[in-house]
Amino acid sequence: MTSASSPVLQRSSAFSQFILAPNPGPMSLDGTNSYVISAPDAGASVVVDPGPADEGHLRRLAAVGGVELILVTHRHADHTAGSVRLRELTGAPVRAADPRYCHGGEPLRDGEIIEAAGISLQVVATPGHTSDSVCFHLPGDGPHGTVLTGDTILGRGTTVLDYPDGALGDYLTSLDRLEALGGAAVLPAHGPVLPSLEAVTGAYRAHRLERLAQIRAALTGLGPDASVPAVTDAVYADVDPSVRRAAEMSVAAQLDYLRGRSGA
């Protein structure tokens, strides 16, 4: 189960399929995985992360039929830009944690249970990538359940913290929340499906702690007040120019975390 470049529905779990949006890039990987969630023979569906405002992509999502609800994992345009148009095509309300991205629906609440399209999913607040990031836990989807992780966990690589809206302390807490869900399969908004949430959260945490150690070491040489660009040069020496801004945001988030904990 991978996000191969294809504009057709691809099966990702017992209750989910996805259509890959035509928006590949350094930050979106192969593109946005727009998920269609439904119990077998339900006759209705839920779309998660409509993706960009690409008319062909949105019409393919609408064509699955019976779309009764549209959910978004967070505010970024590669997840939300098509929401209003998909609502026009289907009549379904759009719900998000941030009221600004709701259209005809109420804001999502942490812990809320949503019953739709023959399935039950729970909203899990997971701030860190952005302050409004949420995941959706489908405990009945397969032997260990699934979690739609948006950009909180990716199918390949690691997540950028959109500092200052995203914060490392929040993100580490969110990893703890997700790890507690055990061996659920990961349905990310970018990249391939992963088999175990518990395993990937452990790897993500180890990566963050390793980066923090590297930044502490850089500050030892550069001084405690070193700038974000200077620390980025030291820690991300070989970063591709196309993702330099993302690296600087991650460094800024980590410096904020370290300086806040030290009281500096």
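This is a short tour of a predicted model, stop by stop. Residues are numbered from 1 along each chain as its sequence is written. In this predicted model, local features need pLDDT of at least 70 and side-chain atom pairs count only at pLDDT 80 or more, while totals for chains, interfaces and linings use all residues; side-chain values use heavy atoms, with hydrogens and water left out.

**Stop 1: the whole chain**

Show the protein as a cartoon. There are 7 helices and 11 strands. Both are DSSP runs, numbered from the N terminus: helices are H or I with at least four residues, strands are E with at least two. The radius of gyration is 19 Å, close to the 18 Å that the globule rule gives for 264 residues, so the protein is as compact as a globular protein of that length. The radius is taken over C-alpha atoms, and the rule is 2.2 Å times the number of residues to the power 0.38.

Turn the model. Along its principal axes, the C-alpha trace spans about 60 × 35 × 35 Å. Of the 264 residues, 52% count as buried. Buried means under 20% relative accessible area, exposed over 50%, and partly exposed in between (1.4 Å probe, protein chains only).

Now show the surface. The accessible surface comes to about 10800 Å², and 54% of it belongs to carbon and sulfur atoms. Such areas come from the Shrake-Rupley method with a 1.4 Å probe; for residues, only the protein chains shown count as cover.

**Stop 2: the largest core**

Select Ile153, Leu197, Val200, Tyr204, Ile215 and Val231. These have the most contacts inside the largest nonpolar core, which has 31 residues. A nonpolar core is a set of buried Ala, Val, Leu, Ile, Met, Phe, Trp, Tyr and Cys residues joined through side-chain atoms within 4.5 Å. Next, color α4 (168-179), α5 (197-222), α6 (228-235) and α7 (244-262), the elements that give two or more residues to this core. The largest share, 7 residues, comes from α5.

Zoom in on valine 200. Which residues is it in contact with, leaving aside neighbours within four places in sequence? They are Ile153, Val186 and Leu194. Contact means heavy atoms within 4.5 Å.

A second, separate core has 24 residues, including Ala39, Leu108, Leu121 and Phe136. In soluble globular proteins, nonpolar side chains tend to be buried together.

**Stop 3: phenylalanine 136**

Select phenylalanine 136 in strand β9 (residues 134-138). It is buried, with a relative accessible area of 0%. Beyond four places in sequence, its contacts include Val48, Leu71, Val72, Leu108, Leu121 and Val147. Draw a distance from phenylalanine 136 to valine 72. They are 64 residues apart in sequence, yet 9.8 Å apart in space, C-alpha to C-alpha.

**Stop 4: glycine 145**

Move to the loop between β9 and β10, where glycine 145 lies. At 3% relative accessibility, glycine 145 counts as buried. It touches Leu138, Pro139, Ala184 and Ala185, not counting residues up to four places away in sequence. Glycine 182 is 37 residues away along the chain, and the two C-alpha atoms are separated by 9.2 Å.

**Stop 5: isoleucine 19**

Select isoleucine 19 in strand β2 (residues 16-20). Is it buried or exposed? At 2% relative accessibility, isoleucine 19 counts as buried. Beyond four places in sequence, the residues it touches include Pro7, Leu9, Asn33, His57 and Leu61. Glycine 31 is 12 residues from isoleucine 19 in sequence and 9.7 Å away, C-alpha to C-alpha.

**Stop 6: backbone exceptions**

Most residues other than glycine have a negative phi, and most peptide bonds are trans.

- Aspartate 41 has a positive phi of about 60°. Look in the loop between β3 (33-37) and β4 (45-48). Aspartate 41 is exposed, with a relative accessible area of 84%.
- Aspartate 49 also has a positive phi of about 60°. Look in the loop between β4 and α1 (55-62). Aspartate 49 is buried, with a relative accessible area of 2%.
- Proline 164 sits in the loop between β10 (146-150) and α4. The peptide bond from tyrosine 163 to proline 164 is cis, with omega near 5°.
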